[in-house]
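Hi everyone, thanks for coming. I'd like to talk through some side-chain contacts today, so let me put the structure up on the screen.

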Amino acid sequence: MTAQAQDVTELLLSRIRDVPDYPKPGVLFKDITPLLADPAAFTALTDALAGLCSAHGATKIVGLEARGFILAAPVAVRAGLGFIPVRKAGKLPGATLRQAYELEYGTAEIEVHAEDLAAGDRVMVIDDVLATGGTAEASIELIRRAGAEVAGVAVLMELGFLPGRARLEPALNGAPLTALITV
């Protein structure tokens with residue numbers, strides 16, 4: 001890691017607040033709202049993610065609902081790329097592609113507008129946290145079903161004690177998975 005990358009990592013970490021026992025006892029929640037409220041930290045994060053999009057040849061950016069929207073939209077603007085929201089099922093008008101996935105307790109579905117992705121697109125998936133990897137894995141499937149290619153997945157923070165990376169690696173088919181911070 002370069003000195004500049006280390007400085008960015010330290011800045012980002014310094015702006016993430018630990019909230020014990022939220023949303024339930026025993027959970028240590030990583031709150032990114034102080035990072036978003038700090039223009040220098042938010043700019044550093046946006047620049048780092050935009051750099052990854054450029055390095056991996058992305059032509060479009062997918063942001064995962066909901067905090068992934070907050071990160072991915074400014075990255076798309078900075079990188080000069082289109083932004084595609086991947087939403088919870090039932091939130092988008094018009095024709096959509098839908099993908100179900102397993103949660104710890106049950107299932108969920110996400111969707112994307114069918115016309116927003118096409119063959120030839122190289123799509124970077126951006127989200128705030130990689131935990132169990134279910135939503136990111138489902139988004140990869142949606143991207144491929146639309147005929148597009150996955151350029152990679154980039155997250156602000158990976159919860160290294162959870163199996164998200166192991167779950168995603170087979171779905172990535174060699175595309176990179178980058179976490180700016182691992183806790």
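Glu111 is buried, with a relative accessible area of 2%. The cut-off for that label is under 20%. Do keep in mind as we go that this is a predicted model.

So who is the partner of Glu111 in a salt bridge? That would be Arg98, with 3.0 Å from N to O. Glu111 sits in strand S6 and Arg98 in strand S5, so this contact ties together parts of the chain that are 13 residues apart in sequence.

Now stay with Arg98 for a moment. Arg98 also forms a salt bridge with Glu109, where the closest N and O atoms are 3.3 Å apart. As for accessibility, Arg98 counts as partly exposed at 39%, and Glu109 is partly exposed at 35%.

Let's move over to the helices. Glu137 and Arg167 make a salt bridge, their closest N and O atoms lying 2.8 Å apart. Glu137 is in helix H5, residues 134-145, and Arg167 is in helix H6, residues 164-172, so the bridge ties together parts 30 residues apart in sequence. Both ends are partly exposed: Glu137 has a relative accessible area of 23%, and Arg167 comes in at 26%.

Last topic: aromatic rings. The structure holds 2 aromatic pairs. In one of them, the ring centres of Tyr22 and Phe29 are 5.2 Å apart and the planes meet at 80 degrees, so the pair is edge-to-face. Tyr22 is partly exposed at 44% relative accessible area, and Phe29 is partly exposed at 23%.

Phe69 and Phe83 also form an edge-to-face pair, with 6.1 Å from centre to centre and 85 degrees between the planes. This pair links distant parts of the chain, with Phe69 in helix H4, residues 67-79, and Phe83 in strand S4, residues 82-88, 14 residues apart. Phe83 is partly exposed, at 29%.

That's my tour, and I'm happy to take questions!

Terms used. Residues are numbered from 1 along each chain as its sequence is written. This is a predicted model: local features need pLDDT of at least 70, side-chain atom pairs count only at pLDDT 80 or more; totals for chains, interfaces and linings use all residues. Side-chain values use heavy atoms; hydrogens and water are left out. A salt bridge is a side-chain nitrogen of Lys or Arg within 4 Å of a carboxyl oxygen of Asp or Glu. Buried means under 20% relative accessible area, exposed over 50%, partly exposed in between (1.4 Å probe, protein chains only). Helices (H or I, at least four residues) and strands (E, at least two) are DSSP runs, numbered from the N terminus. Rings of Phe, Tyr and Trp (its six-membered ring) pair if their centres lie within 6.5 Å; planes under 30 degrees apart count as stacked, over 60 as edge-to-face and the rest as tilted.
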